[in-house]
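Q: I am new to this structure. Please walk me through it one topic at a time.

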Amino acid sequence: MFEKPRGTRDFTPPETAKHRFVERAFRRTAESYGFREILTPTFETVELFKARSGPGIIDEMFTFTDKGGRELALRPEFTASVIRFYLSDLRSAPKPLKVFTLGNCFRYEEPQKGRYREFFQWNCEIIGGPSLEADAEVIALADAGLKSVGVKKTEMRIGYIGMLRKYLDFPPEVQAKLLHLLDKKRMEELEKAMTDIGAVDKCEKVCSVALLKGDGEVLDQAERLLGDAAKESVDYLRRLGKQLALYGLEDFVYDLGVVRGLDYYTGMVFEIDSPNLGAEKQVGGGGAYSLADILGGEAAISTGFAVGVDRIVLAAEQEDVKMTPSPLDAYVIPIGLSMRAKAFEILKKLRVEGLAADIDLVGRGPSKNLDYANSIGALHCVLVGEKETAKGLVALRDMQTGKQAEVKVESLTDALRSAKRQSIK
Ligand code: AMP
């Protein structure tokens, strides 16, 4: 017996169905917003992720050396790959470039519920768009994606990292350290670090601003606390609020403590939580960033987000969203060996006509076959018997009601289709 690697999961058919349900909803929503899907490699050079996130990322990744001595890493996220791809091949594409991707990512984390070493993300980016409109479009898309799954109990928190960057106007490494401590809410260490650089007077205000969360009123408070350093950011967030209203999106809070872990975020930042999920409640996050220049290309305004598919499945389960797989339309049962050829003929026809159909592969008797069909959730059984076949008929059994009726073979597909329509209603 072998065990699966720590932090990875196998997905049973019903679990896979839930996963695919969420992915389908995300894909459809992204397409309805004019985003197009791209695919990037599952592994990239270690250097790419180091350039994006700093050398510390090495400890958080699955890295390996290939047979040619190249240092590679399984992707921990998508943005670095998307921007690398943009710089190498998509730079001349018409702007704004709206792309999304769905797939697995790998992080060397301590596994727990909602946190895995292999997990799945839905990632959307707008590259080269005017920032306010692009920011609103990605926030609206993230929100619409969750709603399209049926997940309603979420909290969207929107902030602006540019405000704290402007107020903590120190050399980049110092600023990065302070923001990191703020991100992790390590306030005592933050106070010590600010005392060390002789800026303890700013500490109280920074901490107060980082705690501001609520409606437009918190923007006024931030302005009162930070003065001019907050003006531009606050104006931006007010305009963003108006832009989001054009999407009918008013169900969000301003949260000036949203920092996000990475240095490349420049302006708007947002996070989405599902309060039902306990410790790992963050289901998505993103913001406006500048990465193309960090990866050695020409600067391009970008904004994007990543939503965790696994956590959305958990959130949807909590909210009793039905994520049932498409059931089998028909299970074909030959009554006796002599009917197998006819049964296969009918099976083939159903499959060609686009219905999901299966047949007994092990030669069970009719009643065992009905039990089996029940256990796999087939909507109908098609019983192919000698007497009925002679009259061009089959018996069609509705597995939910147990009702059985004779149907002409040539009308079987229509009968199954109309039953399916009824069951969807
Ligand atoms: P991040 O790139 O860290 O902002 O992650 C974006 C989203 O991916 C998070 O909000 C989570 O929903 C999800 N996520 C991140 N890491 C994990 C993980 N180890 N396991 C499951 N989901 C994750």
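**Cysteines, ligand and sheet**

Q: To start with, is Cys-203 buried or exposed?
A: Cys-203 is buried, as its relative accessible area is 5%. Buried means under 20% relative accessible area, exposed over 50%, and partly exposed in between, with a 1.4 Å probe and protein chains only.

Q: Before we go on, what kind of model is this?
A: It is a predicted model, in which local features need pLDDT of at least 70 and side-chain atom pairs count only at pLDDT 80 or more, whereas totals for chains, interfaces and linings use all residues. Residues are numbered from 1 along each chain as its sequence is written, and side-chain values use heavy atoms, with hydrogens and water left out.

Q: How many disulfides does the structure hold?
A: The structure holds zero disulfides, a disulfide being a pair of cysteine sulfur atoms within 2.5 Å. Cys-203 is in none, and the nearest cysteine sulfur, that of Cys-207, is 4.1 Å away.

Q: Changing topic: which residues are closest to the ligand?
A: Arg-107, Glu-109, Tyr-116, Arg-260 and Val-283 are the closest of the 14 residues that surround the ligand. A residue is near a molecule if one of its heavy atoms lies within 4 Å of it.

Q: What are the distances for Arg-107, Glu-109 and Tyr-116?
A: From a polar side-chain atom of Arg-107 to an oxygen atom of the ligand it is 2.9 Å. A polar side-chain atom of Glu-109 is 2.6 Å from a nitrogen atom of the ligand. For Tyr-116, a polar backbone atom is 2.8 Å from a nitrogen atom of the ligand.

Q: How much of the ligand's area does the protein cover?
A: On its own the ligand has 480 Å² of accessible area, and the protein covers 88% of that. Such areas come from the Shrake-Rupley method with a 1.4 Å probe.

Q: Which elements give two or more residues to the shell?
A: These are β6 (118-127), β11 (282-289) and β12 (302-308); strands are DSSP runs (E, at least two residues), numbered from the N terminus. With three residues, β11 gives the most to the shell.

Q: Where does β11 sit in the sheet?
A: The open sheet has nine strands in the order β1-β5-β6-β12-β11-β10-β7-β9-β8, with mixed pairing. At its edges stand β1 (36-37) and β8 (213-214), each with a single partner strand, so one side of each has no neighbour in the sheet.

Q: How does β11 pair with β12 and β10?
A: β11 and β12 are antiparallel, with six bridges; two strands pair if DSSP finds at least two bridges between them. Strand β10 (residues 265-273) also runs antiparallel to β11, joined by six bridges. Among the partners, Gly-284 is bridged to Val-307 in β12, and Val-269 to Gly-287 in β11.

Q: Is β11 largely enclosed or open?
A: Seven of its eight residues are buried, so β11 is largely enclosed by the rest of the structure.

Q: Last topic: what does Arg-157 contact?
A: Arg-157 lies in strand β7 (residues 155-160) and is buried at 10% relative accessibility. Its side chain makes a polar contact of 2.9 Å with that of Asp-255 and one of 3.0 Å with that of Asp-273. A polar contact is a pair of N or O atoms within 3.5 Å; within protein, one must be able to donate a hydrogen and the other to accept it, and residues adjacent in sequence count only if both atoms are side-chain atoms.

How values were computed: Helix = DSSP H or I, 4+ residues; strand = E, 2+ residues; numbered from the N terminus.
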